[in-house]
Amino acid sequence: CLFLALLCGVTGLLRFVIFKEENAAKPADSLSSRLPGGHFGPALYQSVENVFTAYLSMADLFGKEDTGLIAETGKQLKTALDSLNIEELVVDTVLYDAVYLSLDNARAETKAIIEDPDLGEKRASLNILSQEFFNMLTALQIQKPAFRFYRCSNAFGEDNPGYWIGDLQTTNPYGKPDCATVDKLIGTGTEEHTITK
């Protein structure tokens with residue numbers, strides 16, 4: 001009888017331990033290990049696509065040197081940046097902090113592009129904005145759409161480069177002929193690029 005009671009007690013204890021282990025909260029994985037290759041939710045992808053589209057529209061106008069239109073499209077970019085949904089990144093605090101910092105800097109440079117009347121100053125802000133946007137896209141490991149990180153080696157004078165992000169056909173926003181090279185290729189696709197002067 002004592003043996004039977006002991007056996008029942010041990011069996012009950014084992015069931016409790018197994019149940020507890022099976023139902024224990026699992027620690028959150030980092031976003032990069034949980035979602036390899038930058039696979040995020042549709043809200044984040046849509047937000048990034050909206051920013052990317054608005055950025056390309058604005059950057060293209062720099063080649064036309066129309067400061068009024070640049071400011072107008074800058075407002076569209078600012079709206080897209082303000083709507084960028086990065087809340088799902090909070091499970092990976094390092095990634096979240098990096099993206100948040102680039103996003104905050106991008107907002108500041110976009111505001112400067114909208115408000116500064118001088119084309120040269122707008123181009124200086126575009127250069128910083130482009131680098132922040134590049135940092136953000138690479139941190140998120142965005143694979144589509146493919147984009148190119150261009151460099152104009154003398155955008156601001158000798159050995160003073162300017163950067164921008166473009167697609168397969170892009171306009172040099174710094175108004176310098178024959179100075180653009182592809183610094184980085186990010187995302188899917190290896191098509192040849194064309195730079196419109």
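1. Confidence. The model is predicted, and its mean pLDDT over the chain is 77, with 72% of the residues scoring at least 70. Among the elements of the chain, α4 has the highest mean pLDDT (95), whereas helix α2, residues 31-34, has the lowest (34). Two segments call for separate mention.

2. Nonpolar core. In soluble globular proteins, nonpolar side chains tend to be buried together. Here the largest nonpolar core comprises 44 residues. The residues with the most contacts inside this core are Tyr55, Leu89, Leu126, Leu140 and Ile165. Two or more residues come from each of α3 (42-62), α4, α5, α6 (119-139), β1 and β2. Helix α3 provides the largest share, namely eleven residues.

3. Aromatic pairs. A pair of aromatic rings is described by the distance of the centres and the angle of the planes. The count of aromatic pairs comes to nine. One of these joins Tyr150 and Trp164, whose ring centres lie 5.1 Å apart with 15° between the planes, a stacked arrangement. The pair links distant parts of the chain: Tyr150 belongs to strand β1 (residues 147-152) and Trp164 to strand β2 (residues 162-166), 14 residues apart. Tyr150 has a relative accessible area of 0% and is therefore buried. For Trp164 the relative accessible area is also 0%, so this residue is buried.

4. A further partner of Trp164. How are the rings of Trp164 and Tyr174 arranged, and why? Their centres are 6.0 Å apart and their planes stand at 65°, so the pair is edge-to-face; the cut-off for that class is over 60 degrees. This pair, too, links distant parts of the chain, since Trp164 is in strand β2 while Tyr174 is in the loop between β3 (169-171) and β4 (180-186), ten residues apart. Both Trp164 and Tyr174 are buried. Elsewhere, ring pairs link Phe52, Tyr55, Phe133 and Phe147 into a cluster. Tyr55 is also among the residues with the most contacts inside the largest nonpolar core.

5. The search of the whole structure finds six salt bridges. In one of them Arg107 pairs with Asp82, the closest N and O atoms being 3.3 Å apart. The pair links distant parts of the chain, with Arg107 in helix α5 (residues 93-115) and Asp82 in helix α4 (residues 67-82), 25 residues apart. Arg107 has 22% relative accessibility and therefore counts as partly exposed. Asp82, at 40% relative accessibility, is likewise partly exposed.

6. Lys111 and Glu115 meet through their side chains in a salt bridge of 3.2 Å, N to O. Both residues lie in helix α5, four residues apart, about one turn of the helix. As for shared partners, salt bridges join Lys78, Asp82 and Arg107 into one network.

7. Asp60 and its contacts. Asp60 forms a salt bridge with Lys64, with the closest N and O atoms 3.3 Å apart. Asp60 is partly exposed, at 28% relative accessibility, while Lys64 is exposed, with a relative accessible area of 54%. The side chain of Asp60 also makes a polar contact with the side chain of Thr171, at 2.6 Å. Thr171 is placed in strand β3; its relative accessible area is 13%, so Thr171 is buried.

8. Ser102. Ser102 is located in helix α5. Its relative accessible area of 6% makes Ser102 buried. Which residues does Ser102 touch, not counting those up to four places away in sequence? They are Glu132, Asn135 and Met136.

How values were computed. Residues are numbered from 1 along each chain as its sequence is written. This is a predicted model: local features need pLDDT of at least 70, side-chain atom pairs count only at pLDDT 80 or more; totals for chains, interfaces and linings use all residues. Side-chain values use heavy atoms; hydrogens and water are left out. Rings of Phe, Tyr and Trp (its six-membered ring) pair if their centres lie within 6.5 Å; planes under 30 degrees apart count as stacked, over 60 as edge-to-face and the rest as tilted. Buried means under 20% relative accessible area, exposed over 50%, partly exposed in between (1.4 Å probe, protein chains only). A salt bridge is a side-chain nitrogen of Lys or Arg within 4 Å of a carboxyl oxygen of Asp or Glu. A nonpolar core is a set of buried Ala, Val, Leu, Ile, Met, Phe, Trp, Tyr and Cys residues joined through side-chain atoms within 4.5 Å. A polar contact is a pair of N or O atoms within 3.5 Å; within protein, one must be able to donate a hydrogen and the other to accept it, and residues adjacent in sequence count only if both atoms are side-chain atoms. Contact means heavy atoms within 4.5 Å. pLDDT is the predictor's confidence in each residue, from 0 to 100.
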